[in-house]
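This report looks at strand pairing and aromatic contacts. The sequence and the structure are shown first.

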Amino acid sequence: MRRLGFILIPFLLSTPRPADAQAVVRQSAGITVQADPRLAFPGGLFVVHVTSRRPVGGYLTAVFDGRRVPMFPTRRGSRALVPIPATLSAGEHMMGIEIRTRRGRRRIPVPVTVQPRAYPARSVVIPEPKRALVLQPGVERDGRQVQLLLRTVTPSQQWTGPFKPPVDSPPEYSYGAPTTYVGGSPIESMSDAIYGEYHRGMDYPVAPGTLVQAPAAGTVLLARQNPLTGGTLLLDHGLGVISAFFHLERIEVVEGQSLVGRTPIGIAGETGIASGTHVHWAVYLQGVAVDPRVMESLPEY
Ligand SMILES: [Zn+2]
């Protein structure tokens, strides 16, 4: 889905670079928690590590903004990628690390800071001939199916190294933008009503026929044509990280297929309510849409 009112904000379009910030470290009864704040802005994430002198012997979750994010084992302890919704206010917030064992549960409070980031509003005009698509039966059912799949959490990390954008062209200002749709509303919250009408993905305008590539390794969760989102492809990268592609002209992979990074997955188009040929790429962490480019600059551990 694409903007029409053109707003160019160069600092928003530059790839997020990890800022030079110190990790928050909390220690409690032999357990050390580190929250890396370098990508911590609305639409970004915290990388959280937990290490301990003895095995924790329990189930670890990071709790942030009312959401529980499972922690997964790494070579040195446990890690969680904790999403920060684009709509969350900047400033001081409290994260909790919850440890559940047979003897009960306890929580280590970790004060964290979310850096400010502005998302100016934009408006999108749905092309006149496409406005009837919004009213088609089944649109809400499709949205709910996609929403459910976006919350998939599989326990093995399929990607290695930074994600690569799905096309070579630069994106336009789109992720995080509070969006007014002319010719049909609501649009964004049809699939995900929690956060309202802001744009979940990053739009890459391209020429018709442009090849779209997998940004990282993953398994195809969904590959189908939907009235609103057109050629719709969901890729499960593991650990609750899901890529979504909308408006593809053609999808060249099938559900259940495992892909390595850079595999051609389809051809860009303007299917569904798109107003021009572009690739809509969204990345969801635990069901929360983040700026997909944070996965391009995620620190390696
Ligand atoms: Zn879009």
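## Terms and model

A residue is called buried when its relative accessible area is under 20%, and exposed when that value is over 50%. By this criterion, both W159 and F163 are buried. The model discussed here is predicted, and the descriptions below should be read with that in mind.

## Strand β15 and its neighbours

Strand β15, which covers residues 230-238, is mostly covered, with nine of its nine residues buried. On one side of the pairing scheme, strand β14 (residues 218-226) runs antiparallel to β15 and is joined to β15 by seven bridges. Within this pairing, Q225 has G231 of β15 as its bridge partner, and the hairpin that connects β14 to β15 passes through three residues.

Strand β15 also pairs in the antiparallel sense with strand β16 (residues 241-251), in this case over six bridges. Here D236 has I242 of β16 as its bridge partner. The hairpin of β15 and β16 has two residues between the strands, and in this hairpin L239 takes a positive phi near 60 degrees. As a general point, the side chains of a regular strand alternate between the two faces of the sheet.

## Aromatic pairs

A pair of aromatic rings is described by the distance of the centres together with the angle of the planes. A search of the whole structure finds five aromatic pairs. One of them is formed by F46 and F64, which are arranged edge-to-face, with 5.6 Å centre to centre and 80 degrees between the planes. This pair links distant parts of the chain, since F46 belongs to strand β3 (residues 45-52) and F64 to strand β4 (residues 59-64), 18 residues apart. F46 counts as buried because its relative accessibility is 1%, and F64 is likewise buried because its relative accessible area is 2%.

W159 and F163 form an aromatic pair that is also edge-to-face, with 5.7 Å centre to centre and 70 degrees between the planes. As stated at the outset, both of these residues, W159 and F163, are buried.

## A tyrosine cluster and a charge over a ring

Which residues do ring pairs link into a cluster? They are Y119, Y175 and Y198. The ring of Y198 has a further contact, in that R200 lies over the face of Y198, at 4.4 Å from the ring centre.

Conventions
Residues are numbered from 1 along each chain as its sequence is written. Side-chain values use heavy atoms; hydrogens and water are left out. Buried means under 20% relative accessible area, exposed over 50%, partly exposed in between (1.4 Å probe, protein chains only). Helices (H or I, at least four residues) and strands (E, at least two) are DSSP runs, numbered from the N terminus. Two strands pair if DSSP finds at least two bridges between them. Rings of Phe, Tyr and Trp (its six-membered ring) pair if their centres lie within 6.5 Å; planes under 30 degrees apart count as stacked, over 60 as edge-to-face and the rest as tilted. A charge sits over a ring if NZ of Lys or CZ of Arg is within 6 Å of the ring centre and within 35 degrees of the ring normal.
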